[in-house]
Amino acid sequence: MKRRGRGMATMWYPIGFTVAANPSAAVVKVNEDGTATLLTGTVETGQGSLTILAQIVAQELGIATDDVHVVSADTDATPMDTGAIASRTTYVTGNAARMAAEKAKLTLFEIAAPLLGVKPSQLEAKDHKLMVKNFPQRNMHIGDAANHARMVSGQPPIGAASFNPETVALDPETGQGKPFGTYVYATQIAEVEVDDETGETEVLRIVASHDCGTPINPMLVEGQVEGGVSMGVGFALEEEILFDANGKQINPNLTNYIMPTSLDMPEVEVDIVDNYDPTGPFGAKGVGEPTLVPTAAAICNAIYDAVGVRVTTLPATAERIFKLLQAKREQQPKQLGTAPPALPGGPSDGAPAH
Amino acid sequence: MVTVTLKVNGKTRSATVPPETTLLRMLRDQFDLTGAKLGCDVGDCGACTVIVDGQPVNSCLMLAGQSEGCEVLTIEGLADIDHMHPLQKLFEHFGSLQCGFCGPGVIMSAKALLDANSNPCTQEIRDALGGNLCRCTGYSKMIEAIKGAACIMRGEELPAVK
Amino acid sequence: MADERSKVADRPDILEKPDILRPPKPAPLVTFPIDVIVPEGRQQTPAVGQRASRADGRLHGLGQTKYIDDMYLPNMLFAKIKRAGTGSARIKSIDTKEAEAMPGVVAIITARDIPCNSFGPSLQDQPVLADTRVFHAGDGVAAVAAETEQIATEALEKIKVEYEVLSPVLDPLESLKLETPGVHAPSANVYGHKIIKKGDVQKAFAESDRIFEGTFRTQMVEHVPLEPYACIAQWDANGRLTIYSTLGRITLGRADVARTLGIPMSRIRIVATVVGGNFGGKNEIRAEPIVGLLSKKTGRPVKCTYTRPEEFYASTTRHPLIMDYKTGVTNKGKILGRKIRLVLDGGAYCSWSETTLGKACILSAGPYNIDNVEAEAFVVYTNKTMTGAMRGFGAPQVCFAYESHMDDMAHALGIDPIDIRLMNAFEEGSISPTGQKLHSVVAKESILRAAKRFGWNGLGNGNGSDNGHGNGNGTGVKA
């Protein structure tokens, strides 16, 4: 018989390296037509980081995403970057990119201010223009300012900057310190259907509510959550590397290492929690890794809700759940009106403390 | 060595290759059509999916010699000088691809589906993609894009995006 | 024209290498619309918050993106690596003569050819190629460069390696015991230890109404990026090495290549512009020094792509964890103290184990206000595949433990899983187990939003099970 259950899990996850310096540097050049080029050492691993960085630079300069060309991942041509790791790119590289864009923007403000008859601090960059705050009709196109900077003032608008999150080393005896600049939080709730005769579990639905600070690009955040959940489903139910007695892997192939296909995936509903982190670029934090952190727990809690067995070893394959169901049935007394079954978790579970 | 002549993306192509060469390797190494990818080389991941005589095929499981006289369609043959294929357009619009490595294979599987079924439901789309592994996206936005492409190909308006 | 032809005819050394005379490969036959339409989302200002499509997304869909394996340099050779195939062994001899004599095989290297055969992001215990000892079945023992990938793969079979097979250490709990022989003897098996102490857990347990204990275990999994690891090396006459790679950390990669090959950093250029998925498995060098050396030895560019099986056993994987939790709570569900012990299976080499150890330990108590925490974590060597960075660095494992544990407590106490979490979760300004004051905290908001969206409290279809809630688990949860 198929039984349904729901389960939830909440998590926290840090952004950036543990204590250790993990700087990123960036260079932004504004071209004479008001578009810009960003140089970054980060590597686009598929998550869309280059688009995010383009959006951050574009926001700072008041131009559009498509106006920013990103050059990346060349040790000759791009400034150093600690790497696309630890969900740090939006936060650390993003901050560096924003600061670099800001420096280029300030050069443009210096150029444009006398032309508009104001001080640089009175200017803002919006809609491809450098305009006087509160008097947008007094403006000049950012391209004109950049062209003027190069051709007349002799000051090409280039900004370079780097960023590293502030941390405090952990005490070796007590672990006390500030290991990370910021953290993100998330909750996932899973609905599953478990066949109580075979142990097979199907994940029907997952609701994922994730904090990422300001979502620079909500579509890409959704993509990360959907992809992370698929990894989480695999971790919870299917994936496992097996070894023989010599330490050799038994299943180093995709026939016998089972990972989620389109047929294994549930409906994933993504919810982005409203939040703003002042230490991040335009309030953004990050989202790459957190997306798969709570999934296995949510699924296993849902399995417990459905059929009353507690999975303590992953993956929760049908065989494992079947064995747990068998054990549970054997424990259950056959007559009515006798003691309830033992609680999960171990002999001291629920015992009063002394 | 074996000489193979076939139609690839509408053009007659020919190559002389060792007999154990797969269709995948011939496409990539001889014809420089690197869209079909080598993800596992044993037919598990679907990154090498191309359409042979109308059927989606793992080209790593087909010998080059077996494709003699066939009509093969690869990802490079979908767009033309004027338009991207609706699948390609909507995959871009919905952000369906992240690292992109599985993309050509997925799109070819989707094309084969839409050629046979102009109004597939979600489950039918999941079935059609069942042989294409993706580690980045969780498949959600691919399904959305394929539904949208089916709409456009039926000549209908695209329903409002969420 | 005639002059040019006669000059070449006088140069027999050029004629012997007709590859040099071969014209460059034709341009890819990828048609694309010449009228470039820029999607609206990419043209909007302000840019932050836009659902802007990705510029590379268009290229991916057209099949235009060139990954490392799609790159073909003129005169390029293909490299493959021979793997040990056994978890622990001494290498007695390596005989490459028969392989070297194979037609199409151009060069073979072993550990002896590597100037500095150790690297690693924290402990430099990882060899480029195994020299006298094998520590996991995926250790490389020799590498071949040949005219085609197939010849290189066949040459591996002809390389004869004599092993003295040793008994591998496979169980991390066995490895933790002092009497177990050190995998990397004389160093101990425990190669990392972290401890977090806040408040007084024993006192907290004494004051608790109930104590709960649980042990949780997670398995080894792999990143499975659809694109297997790949790199290409090419030298120029100034002694400058260019490496195209799927590597995710090019600055570190450059430093490690400089170290292993013994050349200055300024002579190395690493380009990593397009990657087909990383997830942590491509965060340190793999075959870069190998292709660098083979390229130097042969004077030709050399490409090495991992096979899918190599992606499993010759690159890093996720640390399996064994997690012991003990939590003291009031009858109302407020957590007073939590004690945690984590044992990480650290595989054959350190790789990113130190980071994983630290993160797992710091995150292990969960996003909850607990005044008294003791978390201790160990990472041990085993003769299994190297465990390294993988999306989450220990967080998915400990979250599985602390959230399963939390539900066990909720059920035993008769409290709704949502309520017990709301009672204990971090808030703005909460203090973490390491004493950090947290900002931008939205743990409770995420719980409430998820619950509402899901329909946890009977709204929508949250309780749409066939037989109602709590049925079948015997613990009487209030819906």
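**Cysteines, rings and chain contacts**

Mentor: Happy to! Keep in mind that this is a predicted model. Let's start with a cysteine: the sulfur of C60(B) has its closest cysteine sulfur in C48(B), 3.8 Å away, which is too far for a bond.

Trainee: Is C60(B) buried or exposed?

Mentor: Residues under 20% relative accessible area count as buried. C60(B) has a relative accessible area of 7%, so its class is buried.

Trainee: How many disulfides are there over all chains?

Mentor: A disulfide is a covalent bond between the sulfur atoms of two cysteines. The rule asks for cysteine sulfur atoms within 2.5 Å, and the 3.8 Å between C60(B) and C48(B) is too far. C116(C) is in no disulfide either, as the nearest cysteine sulfur, in C350(C), is 16 Å away. Over all chains, the count of disulfides is zero.

Trainee: Let's turn to aromatic rings. What kind of pair do F180(A) and Y183(A) make?

Mentor: The structure holds 14 aromatic pairs over all chains, and this is one of them. The ring centres of F180(A) and Y183(A) are 5.7 Å apart, with planes at 80°. Planes over 60 degrees apart give one particular class, so the pair of F180(A) and Y183(A) is edge-to-face.

Trainee: Are F180(A) and Y183(A) buried or exposed?

Mentor: F180(A) has 0% relative accessibility, so it is buried. Y183(A) has 2%, so its class is also buried.

Trainee: Which residues do ring pairs link into a cluster with F180(A) and Y183(A)?

Mentor: The cluster takes in residues from chain A and chain C. Besides F180(A) and Y183(A), its members are W12(A) and F426(C).

Trainee: How many residues apart in sequence are the parts tied together by W352(C) and F393(C)?

Mentor: The rings of these two have centres 6.4 Å apart and planes at 70°, so they form an edge-to-face pair. W352(C) lies in the loop between β14 and α11 of chain C, and F393(C) in the loop between β15 and α12. W352(C) is buried at 4%, and F393(C) is buried at 3%. The pair ties together parts whose separation in sequence is 41 residues.

Trainee: Which ring does the charged end of R318(C) sit over?

Mentor: Charges can sit over rings here within chain C: K303(C) lies over the face of Y72(C), at 4.5 Å from the ring centre. The charged end of R318(C) is 5.4 Å from the centre of a ring in chain A, that of F235(A).

Trainee: How many salt bridges does the rule find across the interface of chain C and chain A?

Mentor: In this interface, 134 residues of chain C are in contact with 141 residues of chain A. The two chains bury about 11100 Å² between them, 56% of it on carbon and sulfur atoms. One salt bridge joins R54(C) and E44(A), whose closest N and O atoms are 3.5 Å apart. Across the interface of chain C and chain A, the number of salt bridges is 10.

Trainee: Finally, what share of the residues of chain C count as buried?

Mentor: Chain C has 14 helices and 15 strands. Of its 479 residues, the share that count as buried is 61%.

Key:
Residues numbered from 1 in each chain as written. Chains lettered and ligands numbered in written order. Predicted model: local features only at pLDDT ≥ 70, side-chain atom pairs only at ≥ 80, totals over all residues. Heavy atoms only, no water. Buried < 20%, exposed > 50% of the residue type's maximum accessible area, 1.4 Å probe, protein only. Phe/Tyr/Trp six-rings, centres within 6.5 Å; stacked < 30°, edge-to-face > 60°. Helix = DSSP H or I, 4+ residues; strand = E, 2+ residues; numbered from the N terminus. Lys NZ or Arg CZ within 6 Å of the ring centre and 35° of its normal. Contact = heavy atoms within 4.5 Å. Buried area = accessible area lost by both parts, 1.4 Å probe. Salt bridge = Lys/Arg side-chain N within 4 Å of Asp/Glu carboxyl O.
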